[in-house]
Amino acid sequence: MARVLHLTNDQFGALYDIVKDAVDYIEGDLITTEDENGNEILEDINEYEIYQVFQQLRSLSEAN
């Protein structure tokens with residue numbers, strides 16, 4: 001089920017900044033592990049829902 005959120009430009013800007021800060025924090029806290037061959041593998045940020053939300057917000061921001 002999809003939901004629609006109507007925001008003013010100021011509200012959108014505030015939400016964008018908050019979500020960006022959350023994504024920046026997550027990016028700085030991603031875990032690196034090693035696979036069976038000793039290669040380092042960085043945790044995939046795409047698995048975080050807030051990152052998906054940020055991608056949508058960024059698309060909306062670039063469209064305007």
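Leaving aside neighbours within four places in sequence, Tyr 48 is in contact with Ile 26, Leu 30 and Glu 43, contact meaning heavy atoms within 4.5 Å. The model is a predicted one, in which local features need pLDDT of at least 70 and side-chain atom pairs count only at pLDDT 80 or more, whereas totals for chains, interfaces and linings use all residues. Residues are numbered from 1 along each chain as its sequence is written, and side-chain values use heavy atoms, with hydrogens and water left out.

Tyr 48 lies in the loop between β2 (40-42) and α2. The residue counts as partly exposed because its relative accessibility is 29%; buried denotes under 20% relative accessible area, exposed over 50%, and partly exposed the range in between (1.4 Å probe, protein chains only). Ile 26, one of the contacts of Tyr 48, is 22 residues away along the chain, with a C-alpha separation of 8.8 Å.

The protein contains 2 helices and 2 strands, which follow the pattern α-β-β-α along the sequence. Along the principal axes, the C-alpha atoms fill a box of roughly 50 × 25 × 20 Å. The radius of gyration is 15 Å, while a compact globule of 64 residues would have a value near 11 Å; the radius is taken over C-alpha atoms, and the globule rule is 2.2 Å times the number of residues to the power 0.38. Of the 64 residues, 16% are buried. Among contacts with a separation of 6 or more, 44% join residues 24 or more positions apart.

Helix α1 comprises 20 residues, which at 1.5 Å a residue should span 28 Å, and this agrees with the 28 Å between its end C-alpha atoms. The expected span of a helix is 1.5 Å times one less than its number of residues. Phe 12, Tyr 16, Val 19, Val 23 and Ile 26 are the buried residues of α1. Seen down the axis of α1, these residues fall within an arc of 90° and therefore line one face of the helix, the arc being that of the directions from the helix axis to the C-beta atoms. The face turned away from the buried side of α1 carries the exposed residues Asp 10, Ile 18, Asp 21, Tyr 25 and Gly 28. The cover over the buried residues of α1 includes α2.

Tyr 51, Phe 54 and Leu 57 are buried in α2. Their directions, seen down the axis of α2, fall within an arc of 115°, so the buried residues line one face of this helix. They pack against α1. The face of α2 turned away from its buried side bears the exposed residues Glu 49, Gln 56 and Ala 63. Glu 49 counts as exposed because its relative accessibility is 63%. Between Glu 49 and Gly 13, which are 36 residues apart in sequence, the C-alpha to C-alpha distance is 19 Å.

The largest nonpolar core consists of 10 residues, namely Phe 12, Tyr 16, Val 19, Val 23, Ile 26, Leu 30, Ile 45, Tyr 51, Phe 54 and Leu 57. Two or more residues of this core come from each of α1 and α2 (49-63), and α1 gives the most, with 5 residues. A nonpolar core is a set of buried Ala, Val, Leu, Ile, Met, Phe, Trp, Tyr and Cys residues joined through side-chain atoms within 4.5 Å. Leu 57 is in contact with Phe 12, Leu 15, Tyr 16 and Val 19, when its neighbours within four places in sequence are left aside.

A search of the whole structure identified 1 salt bridge, defined as a side-chain nitrogen of Lys or Arg within 4 Å of a carboxyl oxygen of Asp or Glu. Asp 24 forms this salt bridge with Lys 20, and the closest N and O atoms are 3.0 Å apart. Because the two residues are 4 residues apart in helix α1 (residues 9-28), about one helical turn separates Asp 24 from Lys 20. Asp 24 counts as partly exposed, at 36% relative accessibility, and Lys 20 is also partly exposed, with a relative accessible area of 33%.
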